[in-house]
Amino acid sequence: MTTSLEPLRRIAAYAVCADSNGRVLLVRASERSGTPGTWSLPGGAVDHGEDPKHTVVRETAAETGLSVAVAGLQDVLADMRALPERRITIHTDRLLYTVSVRGGTLTERVDRPTDLARWFTLDEARELPLRSFTARALGLPTSTDDIVPEEVPEFPSFYAVPGPDGLHRAQRFAAYAVVTDPEERVLLTRVSDGYPGAGCWHLPGGGTDYGEQPGAALIRELVEETGQTGRLVELLGVASHRDAASLGPEGYPIDWHGVRAFYRVVVDQPAPPTVADVGGSTCEARWFRREELGALPTDRLTEVTAEAVQAAHLL
């Protein structure tokens, strides 16, 4: 039975690394891990406030002895697995980055969650017991012994806990959309009073639910916040932002770390925007023409919105 397990959630970042011969870098889980003997991409949990790109470099060095440089974002995905022996269920939002080796020497680790690092051809990797997210990243068939929970546990997308300094802290993964229609208008939402960024224009989207893939969450949020039905076109990037004392409807300061994936989405049949989630963080939704968007003062856009529309070449 997995229904009695304690739900946990984390954000993690991993390196997709190939050498000049096309071999890929993998690490083996040790007996100290939840999946001993399996192989996966180097990487691990994103520390509070840490940029995921820095996580990839740090974790790859720790697990393999190699120094890497991040070349770009390959994919963002989520998975959920149960670990009955630890009495927990874990949802992990995984950010996969393409990296290149700058130097170093492969190192074996003793008494650590991963104990070996090796280079494999794709044919060799195909024969290994791979974690499902690793197989997917490498374009190989997925087969895993991971235990999937019988039911998705209830767990808030926003969850604040006391930090080491006594201040509550929260790490949240979210998915947002740069939405356009056939006329190249851009869809934005306005943040309600009482929420961080109140009054500013923001991207449609929000925190993903436990067990939910970011793309599916984004399409759901788009309907709830704007009444539009869209289709995913491409992953644009990931933004990491920390606010050391954010103040929202909770009424007390929170050391907030948001990791946000943003996507290009097209609405083929736009409709007048409507906000279904009345009383939430969105109070208005509106289509903007390019010139209207360009005329908005910078302080009227949230940080992630300005970054995303620039990445989509809309400003």
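This is a predicted model: local features need pLDDT of at least 70, side-chain atom pairs count only at pLDDT 80 or more; totals for chains, interfaces and linings use all residues.
I then listed the contacts of Leu95 beyond its neighbours within four places in sequence, and among them are Ile11, Tyr14, Pro52, Asp75, Phe173 and Val259.

Next I turned to β9, where 10 of the 13 residues are buried, and I followed its pairings one by one. With β14 the strand runs parallel, joined by 13 bridges, and I looked up Arg169, whose bridge partner there is Asp255. With β12 (residues 205–207) β9 runs antiparallel over 3 bridges, and Tyr176 has Gly205 as its partner in β12.

I also checked the two hairpins of β9. β8 (residues 161–162) pairs with β9 in the antiparallel sense over 2 bridges, with Pro162 opposite His168; 5 residues lie between these strands, and Gly166 in the turn has a positive phi of about 90°. β10 (residues 186–191) is likewise antiparallel to β9 over 2 bridges, Val179 being the bridge partner of Leu187; this hairpin has 5 residues between its strands, and Glu184 takes a positive phi near 65°.

Last, I looked up Ala71 in strand β5 (residues 66–83), which counts as exposed because its relative accessibility is 64%, the cut-off being over 50%. Not counting residues up to four places away in sequence, Ala71 touches Thr98 and Val99.

Note on methods. Residues are numbered from 1 along each chain as its sequence is written. Side-chain values use heavy atoms; hydrogens and water are left out. Helices (H or I, at least four residues) and strands (E, at least two) are DSSP runs, numbered from the N terminus. Buried means under 20% relative accessible area, exposed over 50%, partly exposed in between (1.4 Å probe, protein chains only). Contact means heavy atoms within 4.5 Å. Two strands pair if DSSP finds at least two bridges between them.
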